[in-house]
Amino acid sequence: MRTRTLGTEGLTVSAMGLGCMGMSDFYAGRDEAEAIATIHTALDEGVTFLDTADMYGPFTNERLVGAAIGGRRDEVVLATKFGNVRDESGAFLGISGRPDYVRSCCDASLERLGVDVIDLYYQHRVDPTVPIEETVGAMAELVAEGKVRFLGMSEASIATLERAVAVHPISALQTEYSLFSRDPEAGLLAACRRLGVGFVPYSPLGRGLLTGAIDSLDALDPTDWRRGMPRFSEENIDANVALVRSVIEVAGRRGATPGQVALAWVLAQGDDVVPIPGTKRRTYLLENIAAADLVLSDEDLVLLDQALPVGVAHGERYPEQTMAAIDR
C-alpha cells in the first residue's frame, strides 16, 4: 500500500483508509471478532489509516478499535471525531462545538481508545451556535497539550474552512465524495488545495450502491439504516441502480469489480485524496485494497465522468432534517 500526505504539516497515511463505523452501528449485523480480524488484516496489508468517532455505537466503536490496535499502536494513524452528541441509549441530542465539550470529548475518546494521543481529531459537524474560531481554538489547545497531533473537520463549508485554518492548520476535510456524490467538485476540492487541506472522502462506494450488489430495497436488511435515506427510497433506488451500469461496464473491461472501479476513480482525483471505504468483513476489505493498484485509463475516466456527472444521483445524501444540519 502506497502512502499519501494530508495537509501541509506532514500527516502521512496509507493511500486508502478503513472506515470502522459499520462495525458497530447503522448497518445490520454485528460480529466483533470478524471486525477485529478485519482491522488486523488491514494493518497486515499496510492500511494504516483507521477512522472512527465517539458517536458510532455510540461509544462502542472507539472501544472496539482500541481493542483491535492493542500492541500495534505504532502501525496506526488513528482518526476520531467529536461534535455529534448522543447519549448512552443512542438518542441524538444535537451538535456541540463548545470548547469545554471539545476537551471532555477528547479525554473520553483517549480513554475508550486506550491511547495517549489521537493522530487526527475531527470536528464531526459544525456547530452553528459556536464561532468556529472558538471550537478550533480549543482543538489547537489539545495539540499544544500533546493529546492530538493533527486537526481535521468534517462536512464544513468553504467559508468555515477558511476561518478554521486562520486559527490552526487543518490537515484534512472529511466529507462524502464518490461517483454518486460529486458536489465537492463545485469549489470545495479547489478550496482545500488552496488552503493546504487534504481531502478524505467517506462513503466512496455510495453506501454500497456503487458495488453493484444492491439492486433493490430487498437487498437491505429491514433494520438497515440506509432504508431511511432518500437515495434508497422506493421512488429513487431503481434509477440509482441503473446509474451503476456504466461502472459495471468499466469493471468488466478491466477485470475488476464495480466497487474497485469506484474506488480507483476516487483515488484518481488527486494525490491529496484519501478515501476511507468502510467494511466489517475481511473479504470486502481485501477487495477494496486491490483497488489501490487499479489504474483507470483516460477512456475509462471520460466514460465515468459523462455517465455520472455532478448531481446525477436521485435523492439527497441524507434525510431533510440531517441535511439541514450540514454546514453549507
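Rings of Phe, Tyr and Trp (for Trp, its six-membered ring) are taken to pair if their centres lie within 6.5 Å; planes under 30 degrees apart count as stacked, over 60 as edge-to-face and the rest as tilted. By this rule, the count in the structure is six aromatic pairs. The structure is a predicted model, in which local features need pLDDT of at least 70 and side-chain atom pairs count only at pLDDT 80 or more, while totals for chains, interfaces and linings use all residues. Residues are numbered from 1 along each chain as its sequence is written, and side-chain values use heavy atoms, with hydrogens and water left out.

A pair of aromatic rings is described by the distance of the centres and the angle of the planes. For F82 and Y121, the ring centres are 5.1 Å apart and the planes stand at 40°, so this pair is tilted. F82 belongs to strand β5 (residues 77–82) and Y121 to strand β8 (residues 118–123), so the pair ties together parts that are 39 residues apart in sequence. Helices (H or I, at least four residues) and strands (E, at least two) are DSSP runs, numbered from the N terminus. F82 and Y121 are both buried, where buried means under 20% relative accessible area, exposed over 50%, and partly exposed in between (1.4 Å probe, protein chains only).

The rings of Y177 and W265 have centres 5.5 Å apart and planes at 50°, so this pair is tilted. It links distant parts of the chain, 88 residues apart: Y177 is in the loop between β10 (172–176) and α6 (188–195), and W265 is in helix α9 (residues 258–267). Y177 and W265 are buried. One aromatic cluster is formed by F26, Y27, W225 and Y318.

T279 is located in the loop between α9 and α10 (282–290). T279 has a relative accessible area of 10% and is therefore buried. Neighbours within four places in sequence aside, T279 is in contact (heavy atoms within 4.5 Å) with L18, G19, M23, T38, Y284, L285 and N288.

Helix α1 (residues 32–44) and α10 have axes that come within 9 Å and cross at roughly 25°. Axes are lines fitted to C-alpha atoms, for helices over the stretch in contact, and angles run from 0 to 180 degrees between N-to-C directions. Angles under 35 degrees count as roughly parallel, over 145 as roughly antiparallel, 65 to 115 as roughly perpendicular and the rest as oblique; α1 is therefore roughly parallel to α10. Where the two helices meet, E34, A37, T38, T41 and A42 in α1 face R282, L285 and L286 in α10 as contacts.
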